[in-house]
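Here are a few friendly notes to read alongside the structure. Please have the view open and follow the points in order.

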Amino acid sequence: MQDPQPEFAPVPGDPVDLAPGLRRILAPNPSAMTFRGTNTYLVGDTDIAVIDPGPDHDGHLDAILSAIGGAAVRAILVTHAHLDHSPLSRRLSQATNAPVCAFGDAVAGRSERMARLVDAGLSGGGEGTDHGFVPDVILADGETVSGADWTLQALHTPGHFGNHLSFAWQDALFSGDLVMGWASSLVSPPDGDMSDYMAALDRLSQSRWSVFYPGHGAPITETADRLSDLVAHRRSRETQILDALHLSDGTAPELVGRIYSGVPASLVPAAARNVLAHLLDLQARNHVTSSGDTDENPRFSLSFIKL
């Protein structure tokens, strides 16, 4: 596959100045799902907020502590409880005496519909949930955390993950895995919810942002265009799914084979989870029906005649 951001090639562990009072440290965890690795952000000079400490990795912990130096850490902020974002928060908290702040544990913010599907037997797709994550401080939507020269506002932006927070810093936004430039977000039920994802994109589009600092990949300066592109991508995928179901019913894995082309085998399971997320959203809007919530791979069909 073509490299989506060839210019983005930071050295893991080396702090990079992005703006006055903002540095980024790349974690050494590259993969097909994390791109170059997880971006850890340090906000502030005299005291610091650390956003997304990342995976539980000794070298990355050392790099963060080295970059902090003698400054105090006011807060450790976690966008969501995936294993590439949250696990190092506990060890960093122990080293700095700073509280870990997040929307909640790994099931916080899960929609009622996803909770019902879990009760009916729906399991996750193995995306690496940090099931042991428990923050010290619960941040509600709109709540702020401040230091000597910075203020960050928590925005609950579920969709990629139920407990996903984005953090507004003046007119910039730390967008976690909700908005990235190198790829669209994985939305995998029950941790992810396509209805919530589209609502979160719509919410962000109501404000003017100078830049998005994502959980993976380079900063995004064309923020409105990126949000529009992500919405258009999802609507296009939705149309493809409905067109495929117009020909015949199918399961999410079967539909992947019909509508995706050139997807590496390693990414097919993730593609199937995205398709399932779309199908569940379409089902909630009464566009499709399924063979049953308890099926491991429910079969979906159109609930109307497409003209």
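This is a predicted model: local features need pLDDT of at least 70, side-chain atom pairs count only at pLDDT 80 or more; totals for chains, interfaces and linings use all residues.

1. Helix α4 covers residues 194–205 and helix α5 covers residues 223–247; they pack at an angle of about 155°, and their axes lie 10 Å apart. Because an angle over 145 degrees counts as roughly antiparallel, α4 is roughly antiparallel to α5. The crossing of α4 past α5 is left-handed.

2. Which residues of α4 meet α5? On the α4 side they are Met194, Tyr197, Met198, Leu201, Leu204 and Ser205. Their partners in α5 are Leu227, Leu230, Val231, Arg234 and Arg235. Sorted by class, this contact of α4 with α5 holds eight nonpolar residues, one polar residue and two charged residues.

3. Next, please turn to the largest pocket, which has a volume of about 1000 Å³. Its lining is made up of 38 residues.

4. How many residues does α7 give to the lining of the largest pocket? The number is six, the largest share of that lining.

5. By class, its lining counts 16 nonpolar and 16 polar residues, along with six charged ones.

Methods: Residues are numbered from 1 along each chain as its sequence is written. Side-chain values use heavy atoms; hydrogens and water are left out. Axes are lines fitted to C-alpha atoms, for helices over the stretch in contact, and angles run from 0 to 180 degrees between N-to-C directions. Helices (H or I, at least four residues) and strands (E, at least two) are DSSP runs, numbered from the N terminus. Angles under 35 degrees count as roughly parallel, over 145 as roughly antiparallel, 65 to 115 as roughly perpendicular and the rest as oblique. A crossing is left-handed if the near helix is turned anticlockwise from the far one by less than a right angle, and right-handed if clockwise. Contact means heavy atoms within 4.5 Å. Ala, Val, Leu, Ile, Met, Phe, Trp, Tyr, Cys and Pro count as nonpolar, Asp, Glu, Lys and Arg as charged, and the others, Gly among them, as polar. On a 1 Å grid over the protein atoms alone, a cavity is a set of points where a 1.4 Å probe fits but cannot get out, and a pocket is an open set with protein on both sides within 12 Å along at least five of seven lines; lining residues have an atom within 4 Å of a point. Grid points are joined across faces, edges and corners, and a volume is the space filled by probe spheres set on the points.
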